[in-house]
Amino acid sequence: RRDIATANRLSISVNFSRNLLEQADVGAQIDRVLRESQLLPGDLNMDINESVLAPDNGFEALADLHQRGLKLHMDNFGTGHGWLRHLHKIEVDTIKIDHSFLAGGADRDRQVLTRIVQIARDLGKSVIAEGVETKEQARMVREVGCSFAQGFFFSPPLDPAKTRTLLQGGVLDVV
C-alpha cells in the first residue's frame, strides 16, 4: 500500500477463528495489529465463518469489533444452522455466500441465490459470491445482483510478486 498508489483503496480480509473471538482481549489485540500494520480499522475485513458463532454466543464480541470500525464478513453463508433467522441480529457488513449455491447452476440454485441476495440487501448488507469458477457462474451472480464475487474465474491465489504486478497495472500470466 505504501509503494503502489492504487493499493490505498484496497482492504485486507483475514479469517477469524472461534478461539480468537472467545479471547477477552480480542479488541485490544486487533488494535495492536492495526497500529503495527499502519492500517485503519475500515481497511480490515474479518471473515467469520457462520459456524463459528452460536446463536447465544459471540454477538457481543462482534458488536464490539464492529463499533471499532472493522468490517465484518459472514463467510460461507448458507452452510450453518439457522443463520437466516439471526441475520438481522449480527453485526456484519457483508454476507459471503458459500460456493455450494453456484455448483449446480440449476434454476433452484438461482432462485435461492436470488432470495439470499434480496434478504441481505434488505438488511443493508453487501453480498459476495464465493467460488466463482466459470463464465456462467460469473454471469449468474451478476444477474442475481451480487455486489462482488471471488474465485478462480477471476484469478488463482497470487504470490507477492504477481500481486505487485497486478496492482501496478501489469498483465499477468496466471495459467
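**Entry 1: terms.** I count a polar contact as a pair of N or O atoms within 3.5 Å; within protein, one must be able to donate a hydrogen and the other to accept it. I am working on a predicted model.

**Entry 2: the whole chain.** I started with the secondary structure. The protein chain has 7 helices and 6 strands. I then read their order along the sequence, which runs β-α-α-β-α-β-β-α-α-β-α-β-α.

I looked up burial next. The chain has 175 residues, and 34% of them count as buried.

Among contacts with a separation of 6 or more, 61% join residues 24 or more positions apart.

**Entry 3: Asn-45.** Asn-45 sits in strand 2, which spans residues 44-49.

Is Asn-45 buried or exposed? Its relative accessible area is 7%, so Asn-45 is buried, the cut-off being under 20%.

Which residues does Asn-45 touch, leaving aside its neighbours within four places in sequence? I found Ser-11, Ile-12, Ser-13, Val-14, Lys-71 and His-73.

**Entry 4: polar contacts of the side chain.** I went through the side-chain pairs of Asn-45. The Asn-45 side chain makes a polar contact with the side chain of Ser-11 at 2.8 Å. A polar contact with the Ser-13 side chain is listed at 3.2 Å.

**Entry 5: recap.** I note Asn-45 as a buried residue of strand 2, with side-chain polar contacts to Ser-11 and Ser-13.

Note on methods. Residues are numbered from 1 along each chain as its sequence is written. This is a predicted model: local features need pLDDT of at least 70, side-chain atom pairs count only at pLDDT 80 or more; totals for chains, interfaces and linings use all residues. Side-chain values use heavy atoms; hydrogens and water are left out. Helices (H or I, at least four residues) and strands (E, at least two) are DSSP runs, numbered from the N terminus. Buried means under 20% relative accessible area, exposed over 50%, partly exposed in between (1.4 Å probe, protein chains only). Contact means heavy atoms within 4.5 Å.
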